[in-house]
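Have the model open while you read.

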Amino acid sequence: MATFLDGPPPLAAGVGPSQAVLVNGLPGVVAWHEDGTPLSLLAFTVTDGRITAISVETDPDKLARIDLPSSV
């Protein structure tokens, strides 16, 4: 459990919105830069209701080849 003492931490400069997505059938999250280009893609492996692995892709060239939804 996370506790914020003085409110939530500031977001990193240049980071835009994120959205829940399915990644090859796995729950995940995609985040975009403020300019709408993909920043990162996370996929969560869930076993017995618990996250047991997280796969992360941040390579801009690889992200550009993935069929991602439009930034929100």
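## The pocket and its surroundings

Let's start with the pocket lining: sorted by class, the largest pocket has 10 nonpolar, two polar and two charged residues around it. Bear in mind that this is a predicted model. The pocket holds about 190 Å³ of space, and of its 14 lining residues, V23, N24, L41, I66 and L68 sit nearest the centre.

Which strands each give at least two residues to that lining? They're in the table.

| Strand | Residues | Share of the pocket lining |
|---|---|---|
| β1 | 15-23 | at least two residues |
| β3 | 38-47 | at least two residues |
| β4 | 50-57 | at least two residues |

Zooming out, the protein chain has four strands and one helix, running β-β-β-β-α along the sequence. Of its 72 residues, 15% are buried. The accessible surface comes to about 5500 Å², and carbon and sulfur atoms account for 56% of that. As for contacts between residues at least 6 apart in sequence, 21% join residues at least 24 apart.

Now for one residue in particular. A31 belongs to strand β2, residues 26-33. Is A31 buried or exposed? It counts as buried because its relative accessibility is 11%, under the 20% cut-off. Leaving aside residues up to four places away in sequence, A31 touches P17, S18, P38, L39 and S40.

Technical notes
Residues are numbered from 1 along each chain as its sequence is written. This is a predicted model: local features need pLDDT of at least 70, side-chain atom pairs count only at pLDDT 80 or more; totals for chains, interfaces and linings use all residues. Side-chain values use heavy atoms; hydrogens and water are left out. Buried means under 20% relative accessible area, exposed over 50%, partly exposed in between (1.4 Å probe, protein chains only). Contact means heavy atoms within 4.5 Å. Accessible areas come from the Shrake-Rupley method with a 1.4 Å probe; for residues, only the protein chains shown count as cover. On a 1 Å grid over the protein atoms alone, a cavity is a set of points where a 1.4 Å probe fits but cannot get out, and a pocket is an open set with protein on both sides within 12 Å along at least five of seven lines; lining residues have an atom within 4 Å of a point. Grid points are joined across faces, edges and corners, and a volume is the space filled by probe spheres set on the points. Ala, Val, Leu, Ile, Met, Phe, Trp, Tyr, Cys and Pro count as nonpolar, Asp, Glu, Lys and Arg as charged, and the others, Gly among them, as polar.
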